[in-house]
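Below is a briefing on charged side-chain pairs. Please read it alongside the sequence and the coordinates.

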Amino acid sequence: MLQSKKRTWVEIDENKIVHNYHVMDKHIHDTKIMAVVKADAYHHGDVKVASLLENEGCDFFAVSSVDEAVRLRQNGIKANILILGFTPSEHFHYLHELDIVQCVFSTEFAQTLNTYATTQNVKIRVHIKVDTGMGRIGFPCLDDNYHIDEVKAVYTCDHLEVEGVFSHFSVADTFDRDDDEAYTFHQIELYERVLQDLAVANLPVKIKHIQNSYGAINYPNLPYDYARIGILLLGNTSDDAQPLKVPCDLEPVLTWKAQISCVKQVKAGTYIGYGRNYQATSDIQVATVACGYADGLNRNASHKGLQVLVKGKRCTIIGNICMDQFMIDATGLDVHCEDEVTIVGIDGDEVIKIDELSRAANTINNESFTLLASRVPRFYIKKD
Ligand SMILES: *Cc1c(COP(=O)(O)O)cnc(C)c1O
């Protein structure tokens, strides 16, 4: 691929990643950061982000799949790596070959993994996932469905080395419903019950973790070893309509830019784009931008008044966003082919946060970042 700052690209500020890491590290006191770099660190570049943070002392990373874990190892990451989800049995060998920690979330999966480890005569490091109310993966550990015996049984799998037991919050980000906070506190109680029952049975839990980004800030001072933090390290919350309970001095790390390809003057009444969904109500100047939904600009954000920056001025997207291009109303601006457009980031006194795009597309920032396509090259910026 021609990796150039042409057409459309992102710029990622390394200093800001490091800054955000230290801000979070201070906020969570004795708890350590397990940096969640799944989905290519939400498209910020998993190897890059992990290398930077490992340098700053981060000793645990979390990913979603074995492919992601292998990529980190093959690119020199030495710290602990936890796979948060499922690993297909044909890839089990990577776990012991590359010293990767696997999440164990059901009896069936534990047995399959232990049988494999037994035949290979190896020990595989695991963290047991308990479901305290998320309802996704994990041994159910709810009031009326409490599978502690199955959790204990994982300790009897003699080729699995149980290092940690963890759970996951489902509403740590919101206080919308009266009982959202109570729900999260109850998840903590259920998790504590599991830890207590394991302690009584003399089953050790060296590493405990339940908080995600919002959990770490909205439910601070929990006595656990790690908080699994993803989105906040990138300097954004998931949604600015769900602010953190305690403001944190975080800086957005990613800037997204593109180039103008074509500028034209059109008459009132002219239709713009597929579907004729936009019609100029006066004479306007239309600029076409060389970036589209195949680059990750969500097509759902069409016709929502979403703006981009050109020469420090806000311009509104008009018509449907196309696969590789979109149009803006650039009336009154002196713009030309190859001029720079800021889709997310700062230009002059103006700033467009990823939240504006997410709101227009009716999603959260986590998804907006992961929609960024692999064909959008990344450039890393670092000031010494
Ligand atoms: C994605 C994920 C996280 C990180 O979530 P953020 O909100 O980005 O901090 C933590 N834990 C688990 C299990 C996850 O799947």
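This is a predicted model: local features need pLDDT of at least 70, side-chain atom pairs count only at pLDDT 80 or more; totals for chains, interfaces and linings use all residues.

Residues are numbered from 1 along each chain as its sequence is written, and side-chain values use heavy atoms, with hydrogens and water left out.

**Count and network**
- The count comes to 20 salt bridges, a salt bridge being a side-chain nitrogen of Lys or Arg within 4 Å of a carboxyl oxygen of Asp or Glu.
- A network of salt bridges links K5, E11, K257 and E340.
- Within it, K5 pairs with E11 at 3.5 Å, N to O.

**Pairs between separate parts of the sequence**
- R71 and D46 form a salt bridge, with their closest N and O atoms 2.6 Å apart.
- Because R71 lies in helix α4 (residues 66–74) and D46 in helix α3 (residues 46–55), this pair ties together parts 25 residues apart in sequence.
- Helices (H or I, at least four residues) and strands (E, at least two) are DSSP runs, numbered from the N terminus.
- R125 and D99 form a salt bridge, their closest N and O atoms being 3.1 Å apart.
- R125 lies in strand β6 (residues 124–131) and D99 in the loop between α5 (93–97) and β5 (101–104), so the pair ties together parts 26 residues apart in sequence.

**Burial**
- Buried means under 20% relative accessible area, exposed over 50%, and partly exposed in between (1.4 Å probe, protein chains only).
- E11 is buried at 13%, while K5 is partly exposed at 37%.
- D46 is buried at 2%, while R71 is partly exposed at 33%.
- R125 is buried at 16%, while D99 is partly exposed at 39%.
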